[in-house]
Amino acid sequence: MTLLALGINHKTATVAVRERVAFTPPQLTSALGQLRGMPEVREAAVLSTCNRTELYCVTESSGERPILDWLSDFHGLPVDDLSRCAYHYLDNEAARHLMRVAVGLDSMVLGEPQILGQLKEAYQSARDAQGLGGELELLFQHTFSVAKQVRTRTGIGQNPVSVAYAAVSLASRIFDDFARSRAMLIGAGETIELVARHLREAGVREMIVANRTRERADELASQFNAEAISLNEIPDALPRADIVISSTAAPLPILGKGMAERALKKRRHRPIFMVDIAVPRDIEPEVGELDDVFLYTVDDLNEVIQENRRHRQVAADQAESLIEHGVSMWLHERRIRSSGELIRRYRDQAIDLRELSEQQALARLARGEDPESVVRLLAHQLTNRLLHRPTVAMREASGSERRDLLAAAESLLLDPPSPKP
């Protein structure tokens, strides 16, 4: 069996490609079922965020091509286009990659904490879909343990910085006084909640929360004394917004060029700063063509992110060391698990030989043979049967000059010599 990690992320693919490969929540259940149903796949989990889509599989195939072909077919994307931006890792490299993802070392914002929660959701979804077996279960549980160590033993989680923070930081370079600005937040998930907190800390006092379900918008707005609206009310509220930050799971854009043009006309062309951190995108790219709109996507936040990366590099180096130890421990546990199957088969074989000798001995006793002779024959036969296969194997190893096998046999089969007095 091979552990395979295959995916794309913000380093290898543009947002235009990432949004085509992202899995919506309704797609995820179907995708896990299809993956698990492939003949060569034994276990599967899917991680899909705005910055990455990754598949973790236990497979009988030695390469990544069947999984890459499946991903291409599922999303209707030419496999050659996908292969140019996809990466894959096998076995211990796959485990190392997952651990780096979990602690934020592979994130756009180094050390961002949200990815761990997203990974736990991916793990739970895979469990619910019966996509996990012993191999991935062990890997995910071990990964969560390593991530906890990194968070508690390094500074990578101090003053957490995320894409949400980067978006607000970028806005602060355009607006001199946040206290005079009004922000519209589209969506009501964890990322938008972080955006709201960062905006409030930066001095923004007026916020509008727009969401598909009004109840969730009300719930989030109440935390920040903000106004709650539905998505249908965005066109009427947009002229009042100086800052628009959007992060939803909508499959199609919510804010289009025509809507933005009408809002700018009512604002008398006072500029609007917009950040679209959703994948697929919430704001049509054509909105950025308008003179009085400053539109940014997650791919435009690199300057802020690189500054963050420099501050966290020392902690990242410490995290890499903990991950290396984590990979070693996972490999050790994996080897123990694999040896457990060998031990079970060896014990079953020994039990079969014992039962055969036992049945033959009982049959002799039932025929009235001398009990002492039966016991002696039982011991003799059982000893020969247990020693036969190892003895033949050692002779073959000796004839082939396989000193490694002979040394292993000595270590496994013989007690260590007693120390001399």
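**A tour of the contacts**

Guide: Welcome! Searching the whole structure turns up 29 salt bridges, where a salt bridge is a side-chain nitrogen of Lys or Arg within 4 Å of a carboxyl oxygen of Asp or Glu. This is a predicted model, in which local features need pLDDT of at least 70 and side-chain atom pairs count only at pLDDT 80 or more, while totals for chains, interfaces and linings use all residues. Residues are numbered from 1 along each chain as its sequence is written, and side-chain values use heavy atoms, with hydrogens and water left out.

Visitor: Which side chain meets K11 in a salt bridge?

Guide: Look in the loop between α5 (92-102) and α6 (114-128), 95 residues away from K11, which sits in the loop between β1 (2-9) and α1 (15-21). Helices (H or I, at least four residues) and strands (E, at least two) are DSSP runs, numbered from the N terminus. The N to O distance is 2.9 Å, and the partner is D106.

Visitor: Is D106 buried or exposed?

Guide: Buried means under 20% relative accessible area, exposed over 50%, and partly exposed in between (1.4 Å probe, protein chains only). D106 has 6% relative accessibility, so the answer is buried.

Visitor: Which strand holds R52, the residue that meets D106 in a salt bridge?

Guide: The side chains of D106 and R52 come together at 2.8 Å, N to O. Both D106 and R52 are buried. The two are 54 residues apart, and R52 belongs to strand β3 (residues 52-59).

Visitor: How many residues apart in sequence are the parts tied together by R334 and E135?

Guide: R334 and E135 form a salt bridge with their closest N and O atoms 2.4 Å apart. R334 lies in helix α13 (residues 302-366) and E135 in helix α7 (residues 134-153), so the separation is 199 residues.

Visitor: Are R334 and E135 buried or exposed?

Guide: R334 has a relative accessible area of 17%, so it counts as buried. E135 has 14% relative accessibility, and it too is buried.

Visitor: What kind of pair do F175 and F273 make?

Guide: Their ring centres are 6.4 Å apart and their planes stand at 85 degrees, so the pair is edge-to-face. F175 is in the loop between α8 (163-172) and β5 (182-186), and F273 is in strand β9 (residues 272-276), 98 residues apart. F273 is buried at a relative accessible area of 0%, and F175 is buried at 17%.

Visitor: And what kind of pair do F273 and Y296 make?

Guide: Here the ring centres are 5.5 Å apart and the planes are at 40 degrees, so the pair is tilted. F273 lies in strand β9 and Y296 in strand β10 (residues 293-297), so the pair ties together parts 23 residues apart in sequence.

Visitor: Which residues form one aromatic cluster with F144?

Guide: The cluster is made up of F144 together with Y56, Y123 and F140.

Terms used
Rings of Phe, Tyr and Trp (its six-membered ring) pair if their centres lie within 6.5 Å; planes under 30 degrees apart count as stacked, over 60 as edge-to-face and the rest as tilted.
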